[in-house]
Amino acid sequence: MNTSSSLTRGYTVAVVSAVILSTTAIFIRYLTQTFAIPALVLAFWRSGFVVLTLILALGLLSPALLRVSRAQLPYLFAYGLLLAVFNSLWTLSVVLNGAAVATVLVYCSAAFTAILGWWLLKEPLDIVKVLVILLTLAGCVLVANALDVSAWNTNLMGILTGVLAGLGYAIYSLMGRSASQRGLNPWSTLLYTFGFAAIFLLLFNLTFGLIPGTAAQPAELLWLGDAWLGWGVLILLAAGPTVAGFGLYNVSLSYLPSSVANLIVTLEPTFTAAIAYFLLGERLTLVQLAGGLLILGGVVFLRIHEGRLQAKAASRAAASFAVLPAEAD
């Protein structure tokens with residue numbers, strides 16, 4: 001798993017994951033603007049359709065992945081609860097702060113992941129990784145146009161919610177890495193975490209308006225009604241970018257430390273901005289372009305640094321192996 005090809009595979013999968021995940025904002029924006037669907041109602045159906053998609057796909061391609069050991073269920077239950085809370089906090093942050101500030105705050109997860117990964121999973125945290133964290137956070141600020149002072153005219157509760165969303169994303173990454181270390185298949189993990197998340201999101205919605213963005217009454221759970229186009233887009237959102245994006249992110253955690261994978265996925269807002277430019281006509285400013293280059297540069301720099309560390313480790317291992325026969329003589 002520590003070979004150069006594995007490292008390259010991990011980076012490639014993580015970057016593809018970021019590209020795919022970046023399209024989710026386009027789908028969600030269309031659904032919320034066109035149909036005004038409450039955010040947590042959308043999140044519930046999105047999770048539900050993810051589960052249905054995975055049951056069908058895994059049932060046809062690899063039925064064994066539909067089952068996990070009973071001993072793993074409490075872990076996956078907690079993982080699903082975390083996913084539901086993270087999605088809820090992220091949605092609330094957008095409501096309270098606006099998209100720009102919420103995006104910046106959620107990507108403070110890069111710093112949280114690196115620190116928690118170093119503390120809990122004993123992942124290395126060197127000066128290069130710290131520098132890349134600073135570069136990616138600065139890039140996220142620029143891509144999200146958060147230098148606009150008006151974007152920060154918000155309350156303490158909004159900022160706290162956004163930071164907690166970033167912390168939730170960081171813990172999600174760490175649990176994904178831990179799931180890999182437990183021997184759980186990434187696609188089985190995705191199925192069960194989204195399954196439990198759908199249950200929790202349904203319970204959140206059954207508070208009937210106590211949580212912002214939830215259904216105010218039972219009928220609102222079927223908000224889209226006979227809007228078949230809306231249901232189609234929602235199913236496409238779940239079956240496409242959500243399953244592929246989160247699934248590949250979980251796969252990347254099989255090859256990479258959670259801190260590295262999370263740093264790579266900070267490319268997502270850059271890709272989102274580029275897609276929005278081509279599909280929605282949203283223009284990229286020079287500041288946003290500069291932010292995207294900072295994020296991309298940080299990820300490339302990290303890949304080069306990790307490659308050099310790996311080459312040095314391989315060289316030391318080869319030297320040690322060569323010395324052993326001489327010592328035996």
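Buried means under 20% relative accessible area, exposed over 50%, and partly exposed in between, with a 1.4 Å probe and protein chains only. The model is predicted; local features need pLDDT of at least 70, side-chain atom pairs pLDDT 80 or more, while totals for chains, interfaces and linings use all residues. Residues are numbered from 1 along each chain as its sequence is written, and side-chain values use heavy atoms, without hydrogens and water.

**Exercise 1.** Decide whether S252 is buried or exposed, and list what S252 touches.

*Solution.* 
- Helices are DSSP runs (H or I, at least four residues), numbered from the N terminus.
- S252 has 0% relative accessibility, so S252 counts as buried.
- Leave out residues up to four places away in sequence; S252 then touches G10, V13, A14 and A261. Contact means heavy atoms within 4.5 Å.

**Exercise 2.** Find which members of the largest nonpolar core touch the most other members.

*Solution.* 
- A nonpolar core joins buried Ala, Val, Leu, Ile, Met, Phe, Trp, Tyr and Cys residues through side-chain atoms within 4.5 Å.
- The largest has 69 residues; L31, Y172, L234 and L256 touch the most other members.
- Helix α3 (residues 39-61) gives the most to this core, 10 residues.
- Take L234: beyond four places in sequence, its contacts are L31, L42, W45, R46, F49 and L224.

Notes:
Helices (H or I, at least four residues) and strands (E, at least two) are DSSP runs, numbered from the N terminus.
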